[in-house]
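Colleague: I am new to this entry and would like to learn how to read its features. Please start with the backbone.

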Amino acid sequence: MASVQIRAVKKQFGSTQIIRGVDIDIADGEFTVLVGPSGCGKSTLLRMLAGLEEITGGEILIGGTVVNNVQPKDRDIAMVFQNYALYPHMTVRDNMAFSLTLAKKDKSFVDERVKKAADILGLNQLLDRYPRQLSGGQRQRVAMGRAIVRDPQVFLFDEPLSNLDAKLRVQMRTEIKELHQRLKTTSIYVTHDQIEAMTMADQIVVMRDGLVEQRGRPLDLYDHPANLFVAGFIGSPAMNFIPATLRRNGGGGAAEVEFADGTRVPAPYGSALQGNDGQKVTYGVRPEHLSIGAAGQGIATKVIVVEPTGADTEVFSRFGETSLTSIFRERHDFGAGDVIHLVPDHSRTHLFDAESGKSLAAR
Ligand SMILES: Nc1ncnc2c1ncn2[C@@H]1O[C@H](COP(=O)(O)OP(=O)(O)OP(=O)(O)O)[C@@H](O)[C@H]1O
Ligand SMILES: [Mg+2]
């Protein structure tokens, strides 16, 4: 196990800057999840950590040692890919043993490592099969086994579950989390899946366009997004955004937020609110922080679609130009065209500068 430091790391392909100066600190044993839109540089960053891609600038340290010029095989890192990359002509046992055999470890050592990994992953009955004789989840487990046998300092995962169906994903997600609790190997995990990121991570790093937008513990990012991008990216269904104007009310009364139709609601953050009277802002409220109020309360919206999932009711409604999503634990029998009054939980709303997108909460 080892800590990992990524310091001012840059990557250029030809004249195109792909990673534009990334700093990430990963403590020994920590599980870090990288998220961000397609093309933002997640896989490139992982490949640089693994040594499969050269670094244009900055430093990568593993266990306190700069590894910029260390060969991939000497970095003591194991990577698990989306497509598993198993050798089709080799049995499960040989697939798992491959890297150790290649490193000329003696047979009893290899057998013992493979057996231990197979025990952990429940692969004992499958050791003599070939990849084609396995289900998707079993193949994924073999790919994990191949990483585990090496007992590396760091695991890198690049969307390892994205080829699996929804149910298997959930199961494997729990297995990977359990595995991490057991082995405590420093792990860096790339995913597109919100729930995977929120539930697996000690630390989430949100990337966009080759830069880190914010990093922190999952619930900290969820509760205190630093900007509009992170607010909209973390959480599913996503946070609602409504264009508005900040009203300071002469500094006397509490600040308010005014929408285009003149509706006003209390501004968030109390005395920690930044921003000036008349400033253009974006108001943010999560679907689960809206409740139904009486006429005259909150925000009057017109219902477009109601989706009862059984566990809760998801409602899409319209407020002027803005579509709003709300989620209620209780059941509602209103339908399309009805007017409903959505009352935000004012202690959990957000406000961002309309232009820069930065949160107006003082930090
Ligand atoms: N070898 C290469 N040569 C030139 N450009 C590259 C190369 N590899 C990646 N890129 C570019 O770098 C950018 C980042 O790619 P990367 O694969 O890291 O994105 P990603 O965040 O993993 O995306 P996804 O979520 O789709 O997997 C993309 O614009 C991609 O086209
Ligand atoms: Mg990728």
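Modeller: Begin with Pro237, which sits in the loop between α8 (228–233) and β11 (240–247); helices (H or I, at least four residues) and strands (E, at least two) are DSSP runs, numbered from the N terminus. This is a predicted model, in which local features need pLDDT of at least 70 and side-chain atom pairs pLDDT 80 or more, while totals for chains, interfaces and linings use all residues. Residues are numbered from 1 along each chain as its sequence is written, chains are lettered from A and ligands numbered from 1 in the order written, and side-chain values use heavy atoms, without hydrogens and water.

Colleague: Which kind of peptide bond joins Ser236 and Pro237?

Modeller: Most peptide bonds are trans, and most residues other than glycine have a negative phi. The bond between Ser236 and Pro237 is cis, with omega about -5°. Ala8, a residue other than glycine, has a positive phi, near 50°. Ala8 belongs to strand β1 (residues 4–13).

Colleague: What does UniProt list for residues 4–234?

Modeller: The unreviewed UniProt entry lists "domain: ABC transporter" there; such annotations may be inferred rather than shown by experiment.

Colleague: Which residues surround ligand 1?

Modeller: Count a residue if one of its heavy atoms lies within 4 Å. Around ligand 1 are Phe13, Ile18, Glu159 and His192, along with Ser38, Gly39, Cys40, Gly41, Lys42, Ser43 and Thr44. Then look for polar contacts (N or O atoms within 3.5 Å). Gly41 places a polar backbone atom 3.0 Å from an oxygen atom of ligand 1. Lys42 has a polar side-chain atom 2.8 Å from an oxygen atom of the ligand, and a polar side-chain atom of Ser43 is also 2.8 Å from an oxygen atom of ligand 1.

Colleague: How much space lies in the largest pocket?

Modeller: On a 1 Å grid over the protein atoms alone, a pocket is an open set of points with protein on both sides within 12 Å along at least five of seven lines, a cavity is a set where a 1.4 Å probe fits but cannot get out, and lining residues have an atom within 4 Å of a point. The largest pocket holds about 840 Å³. Its lining has 27 residues, with Ile77, Ala78, Met79, Ser99 and Arg150 nearest the centre. Two or more lining residues come from each of β6 (77–80), α2 (92–102), α3 (107–121) and α4 (136–148). The most come from α2, which gives 5 residues. By class, 18 lining residues are nonpolar, 2 polar and 7 charged.

Colleague: Where does the second largest pocket lie?

Modeller: The second largest pocket lies between domain 1 (4–232) and domain 2 (237–362), because both give residues to its lining. Its volume is about 250 Å³. Of its 15 lining residues, Asp223, His224, Tyr269, Thr349 and His350 are nearest the centre. The lining divides into 5 nonpolar, 6 polar and 4 charged residues.

Colleague: How many cavities of 30 Å³ or more does the structure hold?

Modeller: The structure holds 1. The largest cavity has a volume of about 50 Å³. Its lining consists of Phe31, Phe155, Phe157, Ile176, Leu179, His180 and Ser187.

Key
Grid points are joined across faces, edges and corners, and a volume is the space filled by probe spheres set on the points. Ala, Val, Leu, Ile, Met, Phe, Trp, Tyr, Cys and Pro count as nonpolar, Asp, Glu, Lys and Arg as charged, and the others, Gly among them, as polar. Domain bounds come from an automatic or database domain assignment. A polar contact is a pair of N or O atoms within 3.5 Å; within protein, one must be able to donate a hydrogen and the other to accept it, and residues adjacent in sequence count only if both atoms are side-chain atoms.
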